[in-house]
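Biologist: I've got a structure to go through with you. Could you walk me through the rings and the ligand?

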Amino acid sequence: MERLIVEEFEEKIAESVRRIMESLPPEVTLVAAVKGRSVAEVRAAIEAGVIHVGHNYIQEAELMVDLMRDNAKWHMIGHLQRNKAKKAVLLFDMIETVDSWRLVMELDKRCARMAKTMPVLIEVNSGREASKTGVMPEDVEGLVWHMRELEHLSVQGLMTMGPRFGDPEHARPFFQETRKAFDRLARMDLPHVSMRYLSMGMTNSYRVAIEEGANMVRIGTKIFGQRGSEG
Ligand SMILES: *Cc1c(COP(=O)(O)O)cnc(C)c1O
């Protein structure tokens, strides 16, 4: 598609994407976190070279995936409710936020009906905060062990949030904890489990996350700027 007029915001997004991609080690995959962003913003990021796009909300994702399905790989990075599992299986190429056996069973059932195998990451509640989603670090092995016989889910790694604001050094112990769980699972060498992706780190913390072994980072603000609600 020929575009004669490039808007200023598109130019800024393209520049940010280029800077980030240049600074990432080659083995690290960039996932653009696009909650609250417009189709035009996400399209600009994809045109600048973003391949993986992460969504938090099914409804927002639907429109974009409809318009640009073949232009990117779509990741679910927000909390997934069981009653949205069917939609999620239709929309996404990877679900990064699997955090309960009930959700696992529902996703496996939906994938089976669509004759599909879904790559998933297990979300780890590395801060052990009751208010946060994710599986407690000590429960991750048990969950993945039970998943080893499921034909339609392929466990490909772990994801964690960690603290979003503040000194990125505060996130380091959370990343280390998640990395340890990742290594333990890799040593278990279970069927339908191949530990390939460690998804951790956001705008303020991705450098620390990479130092601690992340090979997938989810970045929003640094690509698109502050979201409206954050002023
Ligand atoms: C918003 C979000 C990100 C990106 O956060 P930024 O600070 O904007 O880079 C990453 N992961 C998840 C799950 C998010 O919701």
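**Rings and ligand**

Modeller: Searching the whole structure turns up zero aromatic pairs, where a pair means rings of Phe, Tyr and Trp (its six-membered ring) with centres within 6.5 Å. Keep in mind that this is a predicted model, where local features need pLDDT of at least 70, side-chain atom pairs count only at pLDDT 80 or more, and totals for chains, interfaces and linings use all residues. Residues are numbered from 1 along each chain as its sequence is written, and side-chain values use heavy atoms, leaving out hydrogens and water.

Biologist: Which residue lies over the face of Trp145?

Modeller: A charge counts as over a ring if NZ of Lys or CZ of Arg is within 6 Å of the ring centre and within 35 degrees of the ring normal. Here the distance from the ring centre is 3.8 Å, and the residue is Arg148.

Biologist: How far is the ligand's nitrogen atom from a polar side-chain atom of Arg218?

Modeller: A polar contact is a pair of N or O atoms within 3.5 Å. For Arg218 and that nitrogen, the distance is 2.9 Å.

Key: Rings of Phe, Tyr and Trp (its six-membered ring) pair if their centres lie within 6.5 Å; planes under 30 degrees apart count as stacked, over 60 as edge-to-face and the rest as tilted. A polar contact is a pair of N or O atoms within 3.5 Å; within protein, one must be able to donate a hydrogen and the other to accept it, and residues adjacent in sequence count only if both atoms are side-chain atoms.
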